[in-house]
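Here is a short briefing to read alongside the sequence and the model.

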Amino acid sequence: MTIRTVAADAGVSVAAVSKVMRNAYGVSEALRQKVEASIEKLGYRPSIAARGMRGQTYTFGVLLVDIENPFLPSIYHGIEDRAEAQGYKVMGRCGPGA
């Protein structure tokens with residue numbers, strides 16, 4: 001379930017749904033009711049992760065779960081080296097229970 005799904009169900013643009021959700025200025029009561037009805041009907045809940053990614057953070061995550069595989073740490077470090085060379089930060093975990 002995404003904001004696009006809500007927009008399609010309500011028959012409005014993604015921008016309109018976003019404005020309703022942010023309680024932005026200039027949203028008519030009719031539009032608000034239409035979008036909120038779709039949100040309720042579909043059970044939509046905004047993604048906290050997506051909200052945290054507003055703008056460009058230059059961050060991504062890597063999760064490697066099988067630390068017993070002797071190749072995974074070098075794969076992780078290769079990803080990390082390449083990403084950092086391009087200005088990205090890796091939020092990763094390479095270890096038991098990762």
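**Surface patch and overall picture**

Y58, F60 and Y88 together form a nonpolar surface patch of about 260 Å². Please keep in mind that this is a predicted model. The chain contains five helices and two strands, and their order along the sequence is α-α-α-α-β-α-β.

- Y58 sits in the loop that runs between α4 (48-52) and β1 (59-64).
- Is Y58 buried, partly exposed or exposed? Its relative accessible area is 41%, so Y58 counts as partly exposed.

**Helix α1**

- The buried residues here include V6, A7 and A10 of α1. Because they cover an arc of only 100° around the axis, they lie on the same side of α1.
- R4 and A8 are exposed, on the other side of α1.
- Which helices do the buried residues of α1 pack against? Their packing partners are α2 and α3.

**Helix α2**

- In α2 (residues 14-21), the buried residues are A16, V17 and V20. They cover an arc of only 100° around the axis, so they share the same side of α2.
- The buried residues of α2 pack against α1 (3-10) and α3 (29-42).
- Just after α2 comes N23, with a positive phi of about 55°.

**Nonpolar cores**

- The largest nonpolar core has eleven residues in all: V6, A7, A10, V12, A16, V17, V20, V27, V35, I39 and Y44. At least two residues of this core come from each of α1, α2 and α3.
- There is also a second, separate core of six residues, among them V62, L72, Y76 and A83.

**Whole-chain numbers**

- The chain has 98 residues, and 23% of them count as buried.
- How much of the accessible surface of the chain belongs to carbon and sulfur atoms? The surface comes to about 7000 Å², and 55% of it belongs to those atoms.
- Taking contacts in the chain between residues at least 6 apart in sequence, 51% join residues at least 24 apart.

Notes: Residues numbered from 1 in each chain as written. Predicted model: local features only at pLDDT ≥ 70, side-chain atom pairs only at ≥ 80, totals over all residues. Heavy atoms only, no water. Patch = residues over 30% accessible without salt bridge, like charges linked within 9 Å, V, L, I, M, F, W, Y side chains within 5 Å. Areas by Shrake-Rupley, 256 points an atom, 1.4 Å probe, with all protein chains shown as cover. Salt bridge = Lys/Arg side-chain N within 4 Å of Asp/Glu carboxyl O. Helix = DSSP H or I, 4+ residues; strand = E, 2+ residues; numbered from the N terminus. Buried < 20%, exposed > 50% of the residue type's maximum accessible area, 1.4 Å probe, protein only. Arc of directions from axis to C-beta. Contact = heavy atoms within 4.5 Å. Core = buried A, V, L, I, M, F, W, Y, C linked by side-chain atoms within 4.5 Å.
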